[in-house]
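Dear colleague,

Please find below the structure that I am handing over to you.

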Amino acid sequence: MLLSFDEQLLQVTNGQTGESLERTCLEQFSSDQIDQSSWGITLPSAQFLVDPEQAEQFCFQLIKNYWGKATLFFDATFQEAHFNVEVVHERVQQFFDNPKNSQQLFNFLQIHGEIRFEQFVEQLFSKPIEASKLKNGLDVIYVYKVNDQFLVQPIYSQQALFWEYVSAKKIYSLFLQVPLLKIERPLELMGILKQQLQHHVTVNRTASIIHKLVQQIDNVNPRSLALKQLHLLNARTHFTSGRRHFLKLRKCIDTLQANWSSGSLALNEKEKTLLSYMLFQEAIFKKEHEAIVTYGLYLIEGERLNNHAIELVVEYQDVLNSMSPQPHAIVKNYKENYLEHVFFVLIDTLVKENQFEFAIELLRNHELATCTVLFEILQSPNETQELHKIEANVQQDIAILVDGSTQLIRESLKTWQEQYLERKGPYIQIAEMTSMHVCNILKILFHEEQDILLEKLLSVYKKYLVIPQHLNKLRQFIEQRMTVKM
């Protein structure tokens, strides 16, 4: 079951994509209907957009044809999910026998922009089902309102790459042919375009296409929230698309900040935090210490990055990873949580720049700069009574990493000490990052003459975490400063 434009496109291209589709379309469609662009041809949107009534009827009939007919494979899937198969058959039949459900289903599509089989089942039975590997002929239907019409695009399991390519071409064409304010949820559509492009061209090429497209949209559309969101998506695409585009990130963000610095659509605190985080990572890449400190301090100032954590991870998960921080642990992979990594890099940079007063303030004021135990010791007037907690804390960290629990601490410590230095072992990255971070903390404690805490942490470090080259650099650091003092 195909829309007339899709059927015509499939016939003339024979399911081919890329240059073959481009050439065939140029030959088959009249030249006044197709324009050349930075990504080949554009398809005439007037021909593939459909009226609301046709869109509703098509979607209902399409879903009925593919998901309304139970099969043995469907039965097995429902049984595994503990559905009563007979009830499923009856409920599905009742749903499609009632024409009024057509509007209900189309309303769902307009709200969500898409529907997959598992979403259809959950909508019907109010119970989720795991069906990601279930091939039933229809993978997904996209439905987005454009002016008074709809973009309706099924992605069929058979020739899925072709339908994804067609979908990308249609979305790309819409942005060039229709005013932005007439397209509902354009940010979602641009996200779909980006995702589908990556199945057909390189990440680098995808970023170039998105960048040029956003520029073209910018040239012919007035300022709007949607346009600002597309600029932010363009910056995120530069951030995630390899070295070539990463090196252009600062220029891209400078332009974005200049264009959206004032007025009712000016960048808000959350958006400024996102851009600063990307610039922080760029400064790390370029080893620009001053910029690392500037952006790092901005991100932690007033808990700025932490305050927007949920929004940032949900809306910009392509930029920020979502693993929860582990304030209790000092033995961990500091790259797994963006906030912990900010402190990790910031402290390392402050030590390299000999800004120890600044560094000790971070340790005293921020739990994630060290870990809960060290943070509390630095606050305590009776630190000597708390020092024993350091070794117990490290032992527990290691046991959880090795065994997943603290039930077998002795066995876990033995495994760790046998394997943590193995270059291809499971713990080397965690060991190196932890060793580097602890050595930086030791340097700060030495400079600030926190001798009791220094001595205890150093003994624990030598017992469980030592990496020879890090320890040698720590010794050199202490020897040089001892010589100066003498």
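I begin with Trp163, which is buried, with a relative accessible area of 3%; buried means under 20% relative accessible area, exposed over 50%, and partly exposed in between (1.4 Å probe, protein chains only). Phe162 is likewise buried, at 2%.

Please note that this is a predicted model, in which local features need pLDDT of at least 70 and side-chain atom pairs count only at pLDDT 80 or more, while totals for chains, interfaces and linings use all residues. Residues are numbered from 1 along each chain as its sequence is written, and side-chain values use heavy atoms, with hydrogens and water left out.

Aromatic pairs

The structure holds 22 aromatic pairs. Rings of Phe, Tyr and Trp (its six-membered ring) pair if their centres lie within 6.5 Å; planes under 30 degrees apart count as stacked, over 60 as edge-to-face and the rest as tilted. Phe162 and Trp163 form an edge-to-face pair, with 4.8 Å centre to centre and 75° between the planes. Phe239 and Phe246 form a tilted pair, at 5.7 Å centre to centre and 55° between the planes; both Phe239 and Phe246 are buried.

Helices H11 and H12

Helices (H or I, at least four residues) are DSSP runs, numbered from the N terminus. Helix H11 covers residues 203-220 and helix H12 residues 225-239; their axes come within 10 Å and cross at roughly 160°. Axes are lines fitted to C-alpha atoms, for helices over the stretch in contact, and angles run from 0 to 180 degrees between N-to-C directions.

On the H11 side, the contact (heavy atoms within 4.5 Å) is made by Ala207, Ile210, His211, Val214, Ile217 and Asp218. H12 contributes Leu227, Leu230, His231, Leu233, Asn234, Thr237 and His238. By class, this contact has seven nonpolar, five polar and one charged residues; Ala, Val, Leu, Ile, Met, Phe, Trp, Tyr, Cys and Pro count as nonpolar, Asp, Glu, Lys and Arg as charged, and the others, Gly among them, as polar.

Helices H15 and H16

The axes of helix H15 (residues 269-286) and helix H16 (residues 289-300) come within 9 Å and cross at roughly 150°. That makes H15 roughly antiparallel to H16, and the crossing is left-handed. The residues in this contact include Tyr277 and Phe280 of H15 and Tyr295 and Tyr298 of H16. They divide into ten nonpolar, three polar and two charged.

Ser276 lies in H15 and is buried, with a relative accessible area of 7%. Leaving aside neighbours within four places in sequence, Ser276 is in contact with Tyr295, Tyr298 and Leu299.

Two asparagines in loops

Asn14 has a phi near 60°, a positive value in a residue other than glycine. Asn14 is in the loop between helix H1 (4-13) and helix H2 (18-28), and is exposed at 63% relative accessible area. Asn354 has a positive phi of about 60° although it is not a glycine. This residue is placed in the loop between helix H19 (338-352) and helix H20 (356-365); at 43% relative accessibility, Asn354 counts as partly exposed.

Yours sincerely

Terms used. Parallel < 35°, antiparallel > 145°, perpendicular 65-115°, else oblique. Left-handed = near helix turned anticlockwise from the far one by under 90°.
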